[in-house]
Amino acid sequence: WQQRQSASAMKWGAAGFEKEEKVRPQFQGIETTSPIDGSYMKYSTENKALIVLVIWMVILVFIALDIGVVIGLIFLESYLSQGSVESSFALENKSFSSFVTATVLTVCVSVLSDAFFMVAVYLNDFENYRTDTEYENNLVLKVSVFCIFNAYTYLTFIAFVKPFMNYSCVMGSCYEELSNTLLVLLSYSLFAGVFKEIFLRMVQQYYKYRKEASSIEPGKVMGVIEEQYILSDYRALEGTFQEYSAIVVRYGYATLFVAAFPVAPLITLVTSFLQIRIDCWKLCTVFRRPIPKNAEDIGIWEDALNAVSILAIGYNFGLIFLTAHYLIDTTWETRWVYFMCSEHLMFFVVILIAVSVNRVPTEVQMQLERQTFLVEKVIGNAADEAEEEFIVEEKTHNITIAETDNDWEFPIDEEDEDEHIVAGGVDEEHKSSAVGGKYAHVHDES
């Protein structure tokens, strides 16, 4: 996939875009000269260290709030699991308390994610980044860190903490409770996406159309420009950014706990396929035509996906060797040995694959170097290479050139020329005629 990304960047002329990116209009700073090339530039005099410290303190406050939600869910499930309460909510052989807790969890995850996103945008604006790439990468970093805690903290508690505490799992199996919670979360992401992206958009579009159509004279209809005006404006932070964030969260659901819920990748695949169609429908019918923006790659989203992949190795081997009952008759020391050996072996395989596969294919790298060479020659007017091997030795000739061309007055035959022209030059008696004759004739031909 990384090779396809680099090939696409080369094809669309986006390779090296981040090195040539311009300053954001929102960037605030004082006008000064660059200490490198002397050009005018904006320089920020803010205390970056203090700003970063304050921002990460705010992020830690949200993470603490998320941990508080997890603790509240633990008490909620404990209350619903009591005998008198559970009997009134039980459905056949399945515990309804797990379903209620998972439903509350999905609502809390969604609300906290939306709230933190608004705060993260404000914090990112406060940091005053120079380029759009820096702005987006730092925003992705903040959102990714919080999303990992927000989406997977309670699931991690069920998988690795609850089995070793006094809290009993649903039907005596934490695997079963983990599977039920994942099913609710994935189902919610599917139906919530359809509801928010299709139904709410259609309702907003309908009322906006009625409002604009009420001012049109009877018998007339809207033109194409007026219909485009009614459509919503596509904003990258509300569109592409949120879609990437949802993909990363679903990717975590599909990979982190696949050992306990093997159907998760299939559900995620169906959800992602439907999300692609929904996004296409939004771009074609709901939003105005987006303004294109250059991008060399997907940015720090790739690092977020890699981080989830690394966590998935430890999570799944932990579920197999520590949480599951496959090795219930084995000592804990043996389980930990199995876990450490399997985890390190898989890490070694991942590193080996990453090292052996080139991020940029050889043919793409050659094409990029060729493009750089042509740009330097044609646009940059770069000097050609030294041509020592093509330098020809100069031959010296003792030739005297007359002031006038008199070959028509003093013609010289070959015999006369041989008699009067000697090795060192020309005889004084026929000097002018020789030079003006044969030599000038040669000059005319040249």
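**The second largest pocket and its helices**

Tutor: Helix α6 gives the most to the lining of the second largest pocket, with nine residues. Helices here are DSSP runs of H or I with at least four residues, numbered from the N terminus. This is a predicted model, in which local features need pLDDT of at least 70 and side-chain atom pairs 80 or more, while totals for chains, interfaces and linings use all residues. Residues are numbered from 1 along each chain as its sequence is written, and side-chain values use heavy atoms, without hydrogens or water.

The volume of this pocket is about 1,100 Å³. A pocket is an open set of points on a 1 Å grid over the protein atoms alone, where a 1.4 Å probe fits, with protein on both sides within 12 Å along at least five of seven lines; lining residues have an atom within 4 Å of a point. Its volume is the space filled by probe spheres set on those points, joined across faces, edges and corners.

At least two lining residues come from each of α4 (96–127), α5, α6 (174–213), α8 and α9 (264–286). By class, 18 are nonpolar, 10 polar and 10 charged; Ala, Val, Leu, Ile, Met, Phe, Trp, Tyr, Cys and Pro count as nonpolar, Asp, Glu, Lys and Arg as charged, and the others, Gly among them, as polar.

The axes of α8 and α10 (residues 301–323) come within 8 Å and cross at roughly 20°. Because of that, α8 is roughly parallel to α10 (an angle under 35 degrees). The crossing is right-handed. On the α8 side, the contact includes Phe241, Tyr244 and Ser245, and on the α10 side Trp301, Leu305 and Val308 are among the residues involved, where contact means heavy atoms within 4.5 Å. This contact has 12 nonpolar, five polar and no charged residues.

Helix α8 also takes you to the largest pocket, where α1, α5 (132–161) and α8 (240–256) each supply at least two lining residues. That pocket has a volume of about 1,600 Å³, and of its 41 lining residues, Glu136, Thr240, Lys293, Asn294 and Ala295 are the closest to its centre. Here α5 gives the most, with six residues. Its lining divides into 19 nonpolar, eight polar and 14 charged residues.

Technical notes:
Axes are lines fitted to C-alpha atoms, for helices over the stretch in contact, and angles run from 0 to 180 degrees between N-to-C directions. Angles under 35 degrees count as roughly parallel, over 145 as roughly antiparallel, 65 to 115 as roughly perpendicular and the rest as oblique. A crossing is left-handed if the near helix is turned anticlockwise from the far one by less than a right angle, and right-handed if clockwise.
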